[in-house]
Amino acid sequence: MSVQVTGVKNIPLIKKGDNLAEIICKNTEFADGDIICVASTVVSKAKGYTKALASITPSEDAYRISKMTKEDPRFLQGILDTSKEVIIEYPFILSEVPCGHVGVRAGVDNSNIEGENIILLPKDPSAEANDIRDGIKKICGEDVGVIVTDTCGRAFRRGQCGTAIGWAGMSAIRDFRGDHDLFGLELHITEEAVVDEIAAFSNFIMGESNNGIPVVKFSGCEKWKGHDSLYFTKEEDFIRKALHK
Ligand code: GDP
Ligand code: MN
Ligand code: MN
């Protein structure tokens, strides 16, 4: 497989109401089977998933956590409002958001937005990916896979990586179970999180600060087969169970 990876240039500063599919199609050409990664930050800005800190009234919980983390209680309230379940409160909030993704500070960000505002994760990132995919299909006729990404910290390892929080036009996981290795051994547990691998590399092109590259195109990825159960159920998730001991 030979894959070409390109940062899409000339995307403007995104504001509420912008049509991302249109903006993306204006700035790059597609071939059938291309995949794009779109930073959740611009999806949220386009859809208005942002909040002015001044508009947030912190709860008692936000004030309580703020005493420990020394963060702005309004910022913490934004995180709590975005969270479905808080797993850790200190030294940072780690929580699950409604789509099943687990992230530090629920993925709430105060960078790459002007003024005293915060960016929340899109509520249904796979639906957003699907909207962008449909939009691209309508505008330029090509069948393009879309991954909505966020930069996330990882357990056990230093350093953040791009992570897929939503996807459309592909399976999240390439399933190797039932395949045989080079020596004929049947694989029983190997499932590859391809959407995360692609998201991680896209983050290398996007960068974190002022690159201005929120969209990265991958051309030449071979198709894969699998499923979409990217998130462990609570029953399957031994690490999460251990955290609650
Ligand atoms: P996140 O990983 O989704 O939280 O997004 P980041 O804040 O890390 O931004 C990812 C990339 O998108 C970086 O290259 C940013 O400079 C860029 N970026 C963020 N917002 C905008 C925007 O409104 N317009 C453009 N052109 N780039 C943006
Ligand atoms: Mn982010
Ligand atoms: Mn990032």
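Mentor: Let's start with a term: helices (H or I, at least four residues) and strands (E, at least two) are DSSP runs, numbered from the N terminus. This is a predicted model, where local features need pLDDT of at least 70, side-chain atom pairs count only at pLDDT 80 or more, and totals for chains, interfaces and linings use all residues. Residues are numbered from 1 along each chain as its sequence is written, and side-chain values use heavy atoms, without hydrogens and water.

Trainee: Thanks! Which elements each supply at least two residues of the shell around ligand 1?

Mentor: A residue is near a molecule if one of its heavy atoms lies within 4 Å of it. Here helix 2 (40–47) and strand 8 (145–152) each supply at least two, and helix 2 gives the most, with 4 residues. In total, 23 residues surround ligand 1, and I11, T41, N112, T151 and M206 are the closest.

Trainee: What lies 3.0 Å from an oxygen atom of ligand 1?

Mentor: Think of polar contacts, pairs of N or O atoms within 3.5 Å. A polar side-chain atom of D109 is at that distance, while the side chain of T41 has an N or O atom 2.7 Å from a ligand 1 oxygen.

Trainee: And how many disulfides are there?

Mentor: In general, a disulfide is a covalent bond between the sulfur atoms of two cysteines. With a cut-off of 2.5 Å between the sulfur atoms, the count is 0. C161 is in none, as its nearest cysteine sulfur, in C152, is 9.1 Å away.

Key: Chains lettered and ligands numbered in written order. Polar contact = N/O pair within 3.5 Å; in protein donor to acceptor, adjacent residues only side chain to side chain.
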